[in-house]
Amino acid sequence: MEVNPCAKINLGLNVVSKRSDGYHNLETVFYPVRLYDQLTVEPLPLDHVGQSSCQLTVDGLDILGDVQDNLVVKAYHLLNEHRPLPPVKVHLSKRIPTQAGMGGGSADCAYMLTALNTLFSLGLSKAELMHLAAQLGADCAFFIEPQPAYAEGIGNQLQPLPLNIDSYYMAIVKPPVAVSTKEAFANIQVHCPEKNCKDIVLQPIETWRNELINDFELSVIPQYPVIGQIKQQLYGLGAVYAAMSGSGSALFALFSNKPCQLQKTFSDCATYVIPPVKR
């Protein structure tokens, strides 16, 4: 069985308070992006019992760490605790940039849960899958059924939004910089914004530049000035709106016309252009 986990961006992100459990309460808007990994899941013969019950191989972009610590493997073992599973062979082709703030790992594990649910006819509901996904990561639940959504809590309380920006070209620029989420949170200043990002994104997109804020930019850019430089260059290329996604280091920008100079301007970065949806 083959599935294609998608990326996401954050349209605004405010860190509003610190919780007693050590996490932070957020306000953000998740938006799915048509940039995909590829995940293939196949049952293994029962004579593989006793070996690794989830055999994962990876190609494409490099992933740090032991493959057995990958969220895809963790998703298998978590679900196996609730519904015993046959052993599986899994292959992940990694295309969503890593350490980018685009949710690639979260998407992979969420799609792994839905793939296993379908492949083995487990009958888990969307709510049950979302509950499991939230145990794997703050934004994992979003990817069980990715659609534009306003998120609160640690990113797991989701409210669908009537938002569509697919008529714009979307550019993604990922500099050769790795920003750890722990590092990004360490310097954050919690606050309640004057205006909620949920309300701002429903305004004309031309207003976003002056109102829609990612709080992580304030903590990350002073440490990695190249991220701020890229943001300004994206506006110089004609972006209607540009921002860092999540805790970085990837930036996204929305353009009315195709940004033809992207790869030339950012020759030392990974770049992607996602065309509008034709209607």
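This is a predicted model: local features need pLDDT of at least 70, side-chain atom pairs count only at pLDDT 80 or more; totals for chains, interfaces and linings use all residues.

Strands of a sheet pair through backbone hydrogen bonds, either parallel or antiparallel.

**The mixed sheet.** Four strands form an open sheet in the order β1-β4-β6-β5, and their pairing is mixed. The edge strands of this sheet are β1 (2–3) and β5 (54–60), each of which pairs on one side only. Strand β1 is joined to strand β4 (residues 38–43) by 2 bridges, the two strands running antiparallel, and Val3 stands opposite Leu39 in β4. Helix α1 (residues 71–82) packs on this sheet, where it touches β4, β5 and β6 (88–94), and its direction makes about 155° with that of β5. Helix α2 (residues 104–119) also packs on the sheet, touching β1, β4, β5 and β6, with a direction that makes about 35° with that of β4.

**The antiparallel sheet.** A further open sheet of 4 strands has the order β10-β11-β9-β12, with antiparallel pairing. Its edge strands, each pairing on one side only, are β10 (241–244) and β12 (270–274). Neighbouring strands of this sheet are turned by 15° against each other on average, direction ignored. Helix α8 (residues 225–236) lies across β9 (169–174), β10 and β11, and runs at about 5° to β11.

| Strand pair | Bridges | Opposite residues |
|---|---|---|
| β1 and β4 | 2 bridges | Val3 and Leu39 |
| β7 and β8 | 4 bridges | Ala149 and Pro160 |
| β10 and β11 | 4 bridges | Met244 and Leu251 |

Strand β7 covers residues 149–152 and strand β8 covers residues 157–160. In the hairpin that they make, 4 residues lie between the strands, and Gly153 takes a positive phi near 65°.

**The second largest pocket.** About 160 Å³ of space lies in the second largest pocket. Strand β3 (residues 24–36) gives the most to the lining of this pocket, with 5 residues. The residues that line the pocket include Tyr31, Pro32, Val33, Arg34 and Tyr36, and among them are also Cys6, Pro146, Ile165, Asp166, Tyr168, Met170 and Ile274. By residue class, the lining divides into 10 nonpolar and 2 charged residues, with no polar ones.

Methods: Residues are numbered from 1 along each chain as its sequence is written. Side-chain values use heavy atoms; hydrogens and water are left out. On a 1 Å grid over the protein atoms alone, a cavity is a set of points where a 1.4 Å probe fits but cannot get out, and a pocket is an open set with protein on both sides within 12 Å along at least five of seven lines; lining residues have an atom within 4 Å of a point. Grid points are joined across faces, edges and corners, and a volume is the space filled by probe spheres set on the points. Ala, Val, Leu, Ile, Met, Phe, Trp, Tyr, Cys and Pro count as nonpolar, Asp, Glu, Lys and Arg as charged, and the others, Gly among them, as polar. Two strands pair if DSSP finds at least two bridges between them. Axes are lines fitted to C-alpha atoms, for helices over the stretch in contact, and angles run from 0 to 180 degrees between N-to-C directions. Contact means heavy atoms within 4.5 Å.
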